[in-house]
Every structure is written in structure tokens, then in C-alpha cells.
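Q: I'd like to learn how to read the inside of a protein model. Could you walk me through this one?

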Amino acid sequence: MTPTAPTAARAHPAAPSRTAAVRRRRYGAPALLLAPFFLLFTAATLVPIGYAVYLSLYAEHRSGLGFGGSETVFTGLGNYTRALGDSAFRGGFLNLLQYCLLYIPLMMALALVLALLLDSALVRARRFFQLALFLPHAVPGTIAALVWVYLYTPGISPVIGALNSLGGRADLLGHPLPAVVNMAVWEWTGYNMVIFFAALQAIPREVLEAAVVDGAGPLRTALSIKLPLIRSSLTVVGLFTVIGSLQLFTEPVILHGATPSVVSTWSPNMYAYTAAFERHDYGLAAASSVLLALAAAALSFVVTRATRGRGERARPQHATEAAV
């Protein structure tokens with residue numbers, strides 16, 4: 001029986017309401033599950049960043065000899081100009097650049113070689129070596145830095161004593177850059193080795209078997225097949241290593257108390273810390289922190305763009321052909 005016009009008119013608005021209910025059910029659960037993350041992300045990341053930007057635009061000016069109190073004055077980009085014009089701040093970035101050029105290639109190459117060795121058929125007791133190489137990362141950074149300072153200090157270090165007994169005069173703290181790089185390499189090589197090893201284990205075994213049948217040796221298999229297939233892992237580790245390197249703080253701060261060669265502004269993070277908690281110049285500290293964050297964002301973008309183009313050109317199906 002054909003429904004009358006009033007009945008059809010009453011039935012028509014029900015369709016949009018059912019569609020809205022379906023949409024609420026579809027998106028309601030994901031929104032509810034993601035809400036805690038976005039709340040924590042806003043409270044722990046976005047709000048502090050916004051507050052740092054706000055502080056960087058103001059400075060405290062004291063009147064007279066300081067007895068008249070102080071007032072907060074809007075300076076705009078004045079704190080950024082002060083930071084960029086300070087030779088200590090620029091020197092910290094120079095030290096950081098030297099640190100990155102020495103640490104990143106050395107650590108990634110060592111972690112990759114260890115992962116390839118563990119993935120090869122020549123290694124026994126893989127579990128033991130994985131645990132032994134990962135253990136340094138389990139040690140807190142401050143404790144590890146204190147241990148290395150003990151090993152670097154003449155007079156109490158058994159390492160320095162053994163080197164001096166051979167007729168030389170070792171001074172590992174005279175040039176702090178190798179000492180800082182050694183601490184970071186010792187701490188992070190095992191961690192990144194585990195990431196590379198997990199990526200290598202995910203490579204289909206039939207691909208490696210086909211390479212062996214085609215006559216590829218272990219070295220050729222590693223360079224022509226394994227490395228292209230774990231390029232995404234190399235990109236992720238490289239990106240995180242660049243970001244982590246820009247945040248260098250713990251190792252030089254510990255060395256600062258042991259040798260005068262590491263000044264209080266040796267790295268950009270130390271410069272911001274000194275400005276905030278020793279000079280109580282929070283505007284300058286915030287401005288230097290924002291500049292460091294912008295540098296990290298720029299470098300992350302460059303690393304991502306540089307590696308993404310190569311990754312898109314790589315084709316896993318060509319890996320066995322490259323080994324022939």
C-alpha cells in the first residue's frame with residue numbers, strides 16, 4: 001500500500017538522524033580513546049612551547065640599583081637578537097656541529113655493523129650479545145657520565161694510570177669533544193643496534209636465499225640487499241639521532257664540574273640553563289630554547305626530505321637483481 005504524503009514526510013527526516021547516529025558510533029570510540037593522548041600532548045608539549053614563546057618576548061628590567069624592584073617589559077625579538085649576537089651561544093652551536101659530525105656517523109656505522117654481524121649465520125649466542133650490547137643504554141645517563149668522568153680523571157682513573165705507565169701522558173679531558181662523543185656512543189650504540197637488528201630479522205628469508213643461490217657473498221648481500229631493505233629504519237634512527245644530538249646536555253654538564261675546558265655555555269642547552277638558573281634571565285633562556293627547537297625542526301625536515309627521495313627510488317624487487 002502506498003504511504004500517504006504525511007507519512008512519507010514524517011519518514012524522510014529519520015534518515016539523516018540514522019546517518020548521524022552511525023557517524024557518532026563510528027567516530028565516537030576513536031575520539032574517546034585519543035582524547036587522553038591529545039590532552040597530555042597539549043598539557044605537556046603545546047602549553048610549555050607556547051609559554052616559552054611568550055617568555056621569549058619579554059625581559060625583566062631593574063630600576064636604579066635594584067632597590068626599586070623590577071618590571072616586565074615587552075621586547076619583541078630583542079631576546080632573540082641578544083642570543084644570536086652572543087658569541088657564547090654561537091660557540092655552543094659550533095661545538096654541537098662538531099659533535100654531530102663526529103658522533104652521528106660513528107654511532108650509526110657501529111650500530112649497523114654490529115646488527116649485521118648479529119644477523120649473520122656466523123654469530124652464536126645472539127641473545128647474550130644483544131643483552132650485553134644493550135645494557136649500557138639501561139644505565140641512566142647521569143650515572144654513566146659520572147662513571148666516565150671517573151675513568152677520565154688523572155690520578156684516580158685506572159685507565160689513565162695504565163696509559164701513563166706505558167710512558168705517555170694521557171689527558172682525555174684536555175679536549176672534551178672526544179670524551180663527550182665516547183660517552184654518547186657507549187650509551188646509544190646498543191639501543192640503535194637493536195632497532196637495526198629487528199629490521200634485519202623482518203627481511204623475508206627467501207630473498208636472502210635467492211641472493212645466495214645467485215652467487216652473492218655475505219658482504220654483497222649485506223650491501224646490496226639488506227641495507228636497501230632496512231632504509232626506513234636507517235631514516236628513523238638518523239632522524240631521532242639528529243634530534244637527540246641537538247639536546248646534548250647531560251654529558252657536558254657532568255664534565256663541566258670535572259674540567260675547565262667545558263664551560264657553562266658549551267652547548268646551546270647549557271647556555272639556556274645558565275641563562276635561566278644562574279643569571280635568572282628567563283627571556284633570554286626561552287629565546288635560546290626556541291631557536292634550538294627551530295634548528296631541530298629544520299634539521300629534521302632536511303633529513304626527512306633527503307632520505308625520503310632515496311627511499312622512494314629504492315624498490316625491494318630489484319634487490320636480488322643488484323646482487324647478481
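This is a predicted model: local features need pLDDT of at least 70, side-chain atom pairs count only at pLDDT 80 or more; totals for chains, interfaces and linings use all residues.

Q: Which residues touch the most other members of the largest nonpolar core?
A: A nonpolar core is a set of buried Ala, Val, Leu, Ile, Met, Phe, Trp, Tyr and Cys residues joined through side-chain atoms within 4.5 Å; buried means under 20% relative accessible area, exposed over 50%, and partly exposed in between (1.4 Å probe, protein chains only). Here the largest such core has 51 residues, and Y99, Y103, Y152, M183, F196, L255 and W266 touch the most other members. Helices including α4 (87-119), α8 (176-201) and α14 (282-313) each supply at least two residues of this core. Another core, of eleven residues, lies apart from it, with Y80 and A276 among them.

Q: Why does the pair F37 and F41 count as stacked?
A: Rings of Phe, Tyr and Trp (its six-membered ring) pair if their centres lie within 6.5 Å; planes under 30 degrees apart count as stacked, over 60 as edge-to-face and the rest as tilted. The whole structure holds 15 aromatic pairs. In F37 and F41 the ring centres are 5.9 Å apart and the planes at 20°, so this pair is stacked. F37 is partly exposed at 48% relative accessible area, and F41 is partly exposed at 34%.

Q: Which residues do ring pairs link into a cluster?
A: Y51, Y54, Y58 and F74.

Terms used: Residues are numbered from 1 along each chain as its sequence is written. Side-chain values use heavy atoms; hydrogens and water are left out. Helices (H or I, at least four residues) and strands (E, at least two) are DSSP runs, numbered from the N terminus.
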